[in-house]
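Please look through the sequence and the model below before reading on.

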Amino acid sequence: MTRNRLTWAVLVALVWTAMMSFGGVAAETVMLYPNIFADPPASLDRAREFLVAGGPSDYFPPLGATVVLTSLAATVLTWRDRRLRWWIVGAAAVFVACEFLFSVFFFWPRNEIMFVDPVGTHSPEYLRQVAAEFVAGHRVRLLGGAVTAVLAFTALLRWARSTAPRT
């Protein structure tokens with residue numbers, strides 16, 4: 001496989017995975033969150049009962065790892081091209097900051113409180129507070145996913161334009 005074809009494949013994979021991640025977060029926002037966070041703690045209990053066979057934690061970690069790996073590969077393959085470098089590095093940085101680090105430090109502790117700790121461990125008032133914080137913080141993740149997808153797509157378009165045959 002030539003370097004151009006490999007670069008094309010990696011950039012397409014980056015855009016595809018970034019858009020899948022953003023689409024998943026957007027779908028969660030409009031389909032799951034209104035049900036999960038409608039009336040804590042009762043709605044959190046229903047979510048625990050519903051999300052038994054699978055849930056967001058089964059989908060997002062492997063997809064997020066793929067976004068990070070394709071970002072790294074795209075960075076390596078396009079590093080010498082200054083027109084692309086910062087679009088890809090920016091996409092990777094925004095994704096790592098908003099989707100990974102923010103999740104680890106903000107969402108994971110709240111997920112433990114709402115969905116892992118035994119029912120009755122926390123007061124209803126505290127669960128409502130944690131749920132409200134989670135929903136408010138979710139906007140950062142949603143925006144970060146959108147920015148990541150836009151930056152990755154911009155890099156792909158710029159690369160395609162720069163390598164297209166001139167007529």
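**Briefing on the predicted model**

Tyr59 counts as partly exposed, because its relative accessibility is 34% (buried means under 20% relative accessible area, exposed over 50% and partly exposed in between, with a 1.4 Å probe and protein chains only). The model is predicted, so that local features need pLDDT of at least 70 and side-chain atom pairs count only at pLDDT 80 or more, while totals for chains, interfaces and linings use all residues. Residues are numbered from 1 along each chain as its sequence is written, and side-chain values use heavy atoms, with hydrogens and water left out.

**Overall build**

- The protein chain holds five helices and zero strands, where helices (H or I, at least four residues) and strands (E, at least two) are DSSP runs numbered from the N terminus.
- Along its principal axes, the C-alpha trace of the protein chain spans about 65 × 25 × 25 Å, and buried residues make up 36% of the 167 residues.
- Among contacts (heavy atoms within 4.5 Å) in the protein chain between residues at least 6 apart in sequence, 79% join residues at least 24 apart.

**Helix packing**

- Thr7, which is found in helix α1 (residues 3–36), is buried with a relative accessible area of 3%.
- Leaving aside neighbours within four places in sequence, Thr7 is in contact with Leu77, Thr78 and Trp159.
- In helix α2 (residues 42–50), the buried residues are Ser43, Leu44 and Ala47; seen down the axis of α2, they fall within an arc of 100 degrees, so they line one face of the helix (the arc is that of the directions from the helix axis to the C-beta atoms).
- These buried residues of α2 pack against α1, α4 (82–116) and α5 (124–163).

**Aromatic pairs**

- A search of the whole structure finds 11 aromatic pairs, where rings of Phe, Tyr and Trp (its six-membered ring) pair if their centres lie within 6.5 Å, and planes under 30 degrees apart count as stacked, over 60 as edge-to-face and the rest as tilted.
- The rings of Trp8 and Trp159 have centres 5.7 Å apart and planes at 35 degrees, so this pair is tilted.
- Because Trp8 lies in helix α1 and Trp159 in helix α5, the pair ties together parts that are 151 residues apart in sequence.
- Trp8 is partly exposed at 41% relative accessibility, whereas Trp159 is buried with a relative accessible area of 9%.
- Tyr59 and Phe60 form an edge-to-face aromatic pair, at 4.8 Å centre to centre and with 85 degrees between the planes.
- One aromatic cluster is formed by Tyr33, Phe37, Phe102, Phe106, Phe107 and Phe134.
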